[in-house]
Amino acid sequence: MNARLEHPCATALALDGLRVESLLHCGGTFTAEGGIRLGGARVGAAFTLDGALLSNPDGHALRCADATMAVLRLRTRKPIVGTVDVRHAHAGNLDDDVSSWPEHLRLDGFTYDALVSPATVEERLAWLGGDTNGHRLRQPYEHLSAVYRRLGDDAAARQVLLIKHRRGRVELPWYGRVWGRLQDVTVGYGFRPLRAAAWLAGLLVAGTAVYALNPPKPLEAGKAPAFNPPFYTLDLLLPVIDFGQERAFNPTGPWQWLAYALVLSGWILATTIVAAVTRSLNRQ
């Protein structure tokens, strides 16, 4: 379709409920100043916007809510101006140039079976970030992650879910944001499990060094086992393991406060690791 449609700040083309089994081509020199609506449309082949120009600055430039198409090919001459609404639409293949999408999107419920574009995961995350309610939504991130997983790119799938948690954190109350940030720093919301091992190793080395130089006194002289700095530190760090060191010795002064800090750190790490494992099992 090579045409120029003008109805600024209103609807330039209304195709709501359209049923077509072949190609719907709005490309080439197609230009629309005003909105295009395909709400609930069914396109048996591809809906293409190759080379088109779409502009409706104060409203929806393209509205395909609840539409179904075999292929959505969106490669416009310039970035679309206005909002693109594809809520609850479905495309078999999404063949797009991420630079064609506008700054404002509505993506909730939008699904696609495959990505044709070679865009990077960072570009896709920026695309999801254009949703005006994106920080409140889970589905666009979970769906993109699932598509990456089907493509065999598990690293990209994990990164998408990690960013979902980070962006969603802004909606939580202050204590939820604090807990979320803690999970992020320690284990990356479960998507960076080696971080927990690194934290434990670092705390173990630090505690061992400090208590080797400043061994605590035994609670009962003559009855306590030989003091062992590494196992004493492990006793403090690991809440479910008892080597008999912690209950046999009593640090004082600043070394007692260090013991409290190690116990607290151990509980925090253990809790975040359990949360991470639970989340991983739920994903599977």
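The legends below describe several close-up views of a predicted model.

Residues are numbered from 1 along each chain as its sequence is written, and side-chain values use heavy atoms, with hydrogens and water left out. Because the model is predicted, local features need pLDDT of at least 70 and side-chain atom pairs count only at pLDDT 80 or more, while totals for chains, interfaces and linings use all residues.

**View 1. The open sheet of 5 strands.** The strands follow the order β1-β4-β6-β8-β10, with parallel pairing. Strands (E, at least two residues) and helices (H or I, at least four) are DSSP runs numbered from the N terminus, and two strands pair if DSSP finds at least two bridges between them. β1 (4–14) and β10 (104–106) stand at the edges with a single partner strand each, so one side of each is left without a neighbour in the sheet. On average, neighbouring strands of this sheet are turned by 60 degrees against each other, direction ignored. In general, strands of a sheet pair through backbone hydrogen bonds, either parallel or antiparallel.

**View 2. Strand pairs within the sheet.** β1 pairs with strand β4 (residues 31–37) in the parallel sense over 6 bridges, and threonine 11 stands opposite glycine 35 in β4. β4 in turn pairs with strand β6 (residues 53–63) in the parallel sense over 5 bridges; here arginine 37 stands opposite arginine 63 in β6. Between β6 and strand β8 (residues 81–85), the parallel pairing runs over 4 bridges. Arginine 63 stands opposite aspartate 85 in β8.

View 3. Leaving aside residues up to four places away in sequence, alanine 12 touches Leu5, His7, Glu33, Gly34 and Gly35, where contact means heavy atoms within 4.5 Å. Alanine 12 and leucine 162 are 150 residues apart in sequence and 40 Å apart in space, C-alpha to C-alpha.

**View 4. The packing of helix α4 (residues 174–187) against α5.** The two helices pack at an angle of about 80 degrees, with their axes 6 Å apart. Axes are lines fitted to C-alpha atoms, for helices over the stretch in contact, and angles run from 0 to 180 degrees between N-to-C directions. The angle makes α4 roughly perpendicular to α5 (under 35 degrees counts as roughly parallel, over 145 as roughly antiparallel, 65 to 115 as roughly perpendicular and the rest as oblique). Asp184, Val185, Thr186 and Val187 of α4 make the contact with Arg195, Ala196 and Trp199 of α5. These residues divide into 4 nonpolar, 1 polar and 2 charged (Ala, Val, Leu, Ile, Met, Phe, Trp, Tyr, Cys and Pro count as nonpolar, Asp, Glu, Lys and Arg as charged, and the others, Gly among them, as polar).

**View 5. The packing of helix α5 (residues 194–213) against helix α6 (residues 229–237).** The angle is about 130 degrees and the axes are 8 Å apart. That makes α5 oblique to α6. Residues of α5, including Leu200, Leu203 and Tyr211, meet residues of α6, among them Pro229, Tyr232 and Leu237. The contact residues divide into 11 nonpolar, 3 polar and no charged.

**View 6. An aromatic pair, tyrosine 112 and tryptophan 127.** The structure holds 9 aromatic pairs, defined by ring centres of Phe, Tyr and Trp (its six-membered ring) within 6.5 Å; planes under 30 degrees apart count as stacked, over 60 as edge-to-face and the rest as tilted. The rings of tyrosine 112 and tryptophan 127 have centres 6.2 Å apart and planes at 55 degrees, so the pair is tilted. Tyrosine 112 lies in strand β11 (residues 111–115) and tryptophan 127 in helix α1 (residues 121–128), so the pair ties together parts that are 15 residues apart in sequence.
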